[in-house]
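Subject: Structure handover

Hello,

Here is the structure for you to look at.

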Amino acid sequence: MQSINPFSGEIINHYPKYSSSELEQIIRKVDYAFHLWKQTRFDERSIYMKNLQAILLIKKEELADIMVAEMGKVKREAVAEIEKCAHICSFYANNAEEFLKNKPISTEAYESYISYQPIGTVFAVMPWNFPFWQVFRFLAPALMAGNTGVLKHASNVSGCALRIEKLVYEAGFPENVFRTLLIGSEAVKAVIENPLIKAVTLTGSAPAGKSVAATAGSVLKKSVLELGGSDPYLILEDADLEAAARLCVSSRLLDAGQSCIGAKRFIIADQIYDQFRLKFVSLMSQATFGNPLDPQITIGPLARLDLRNQLHLQVTKSRDLGATVLLGGYIPDGESAFYPPTVLEHVTPGMPAYHEEMFGPVGVLFRFKTEEEAIQIANDTVFGLGAGIFTADIEKAKVLAEKGLEAGCVFINDFVKSDPRLPFGGIKESGYGRELSEFGIREFMNIKTILVK
Ligand code: NAP
């Protein structure tokens, strides 16, 4: 496996893959560590987790640079990502015990209650787009719950994967409670099938999710899947158009558009369509792309050249089928994996931009005449991750959010963000299960019923 800087094209490092006997040895060690780790108290785990929080904050510049080099994220977003990882460490350090305390249930028995028990080593298969955050939102609840973890990170961010493993030990955690496995996707099946692995969580694309879920199902192991999204944003007639356009563009351009919960489809009321389009295109056109270390730059390159080329193909195929390109839609000169902020309209069923996730800085505009039509367009997708509504009528928005939009979360007058306090996950082909909050930490627990007659 190799890490290639998507801005300079330079090969940063080659990483030999672990052999199957190396994998077996590591998994055995992590399983052994589980039997000791599960006996530790919450206050002891909290000490290590708070150490990890402190180290992340002290080293945030250095850690951010690894991300910038391996996948092209702009530096200020990379630093913010490390700060968010520190936050989740403190969140679970402070709340895990409360989330997992025994829960009494009233029955006719003398006593009955739920006891949450860790299940063992959980296998995490993770993507490159938030190379630290995606791992920490697995790692922090898993370790606080008394589980142990092994990580297979995306092949282009092995430097991040190894650095995260090292950070865990710098924080003082016992040996082997968390290990990185340098493997390709072809080795994932055998790891899931290993009897010492008790569950698997994958964040990534729907095809990867289907493959992992099929293997997990074949050996009756629990899986949690956080997959892609094509989040719709409804801009109603009474919305604050300035704020809506600004927030929609910010969400669309975060991480150069490579976020599962990025705003991707903008479904705009007929009466304000032209006004919104003008503001949206104007803000998108002001965004700059360039060296991710330059603080003036809005977006860096996409994470890999092949991903950039694939995105351009989705845009050009849609254009050839009748979509209008209002902005961008070309491959910039040079070796970097840049893609310019791009806006499409007149996108109709049958075009890639209508059905597929656009994983880059490409916004698609739709016009609606009735709210039923808006909901129909919003839900006409295999995905169901996040959604947004911009309007002054909060009560109406809450009804649309609760009963209309098919999504794991809906944000009103803001764009969707992950937050350790709130459950996160999707429906339909965006996956199943939840991360973050009390729901996330309970995913890999044995919810054990105890009854005393
Ligand atoms: P990806 O190709 O599915 O890769 C994700 C991870 O799965 C990588 O570690 C990859 O390993 C591995 N993988 C790929 N194919 C696999 C297979 N058939 N069996 C087992 N493992 C496999 O996705 P990506 O391009 O890295 O990430 C972008 C996708 O992730 C987007 O669809 C995005 O929306 C989604 N995502 C979702 C969330 C969420 O929380 N819902 C968050 C972030 C990203 P290799 O790198 O070795 O191929």
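**Largest cavity**

Helix 5 gives the largest share of the lining of the largest cavity, namely five residues. Keep in mind that this is a predicted model. Helix 5 covers 133-145, and helix 15, at 437-442, also supplies at least two residues of that lining. The volume of this cavity is about 110 Å³. In total, 15 residues line the largest cavity. Closest to its centre are Arg137, Phe138, Pro141, Gly440 and Phe444. By class, the lining has eight nonpolar, three polar and four charged residues.

**Other cavities**

How many cavities of 30 Å³ or more does a search of the whole structure find? There are four. The second largest cavity holds about 60 Å³ of space. Its lining is made of 16 residues. Pro232, Phe383, Gly384, Gly386 and Glu406 lie nearest the centre of the second largest cavity.

The lining of the second largest cavity divides into seven nonpolar, six polar and three charged residues.

**Largest pocket**

Now to the open space. The largest pocket has a volume of about 1,100 Å³. It is lined by 41 residues. Nearest its centre are Gly204, Ser205, Ala206, Pro207 and Ala208. Two or more lining residues come from each of helix 7 (188-193), strand 8 (197-203), helix 8 (206-218) and helix 11 (305-320).

Which element gives the largest share of the lining of the largest pocket? Helix 8 does, with seven residues. By class, the pocket lining has 18 nonpolar, 14 polar and nine charged residues.

**Helix 2 against helix 6**

Two helix pairs are described here. In one, helix 2 (residues 42-58) packs on helix 6 (residues 158-170). The angle is about 125°, and the axes are 9 Å apart. Helix 2 is therefore oblique to helix 6. The crossing of helix 2 with helix 6 is right-handed.

Which residues meet between helix 2 and helix 6? Helix 2 brings Leu52, Ile55 and Leu56. Helix 6 brings Leu167, Val168 and Glu170. The contact has five nonpolar residues, no polar ones and one charged residue.

**Helix 3 against helix 4**

The other pair is helix 3 (residues 60-71) with helix 4 (residues 75-99). Their axes lie 8 Å apart, and the packing angle is about 125°.

From helix 3, the contact residues are Lys60, Glu61, Leu63, Ala64, Asp65, Met67 and Val68. From helix 4, they are Lys75, Ala78, Val79, Glu81, Ile82 and Glu83. Sorted by class, the contact of helix 3 with helix 4 has seven nonpolar, no polar and six charged residues.

Best wishes

Terms used. Residues numbered from 1 in each chain as written. Predicted model: local features only at pLDDT ≥ 70, side-chain atom pairs only at ≥ 80, totals over all residues. Heavy atoms only, no water. Axes fitted to C-alpha atoms, helices over the stretch in contact; angles between N-to-C directions. Helix = DSSP H or I, 4+ residues; strand = E, 2+ residues; numbered from the N terminus. Parallel < 35°, antiparallel > 145°, perpendicular 65-115°, else oblique. Left-handed = near helix turned anticlockwise from the far one by under 90°. Contact = heavy atoms within 4.5 Å. Nonpolar A, V, L, I, M, F, W, Y, C, P; charged D, E, K, R; others polar. 1 Å grid on protein atoms, 1.4 Å probe; cavity = no way out; pocket = protein on both sides within 12 Å on 5 of 7 lines; lining within 4 Å. Points joined across faces, edges and corners; volume = space filled by probe spheres on them.
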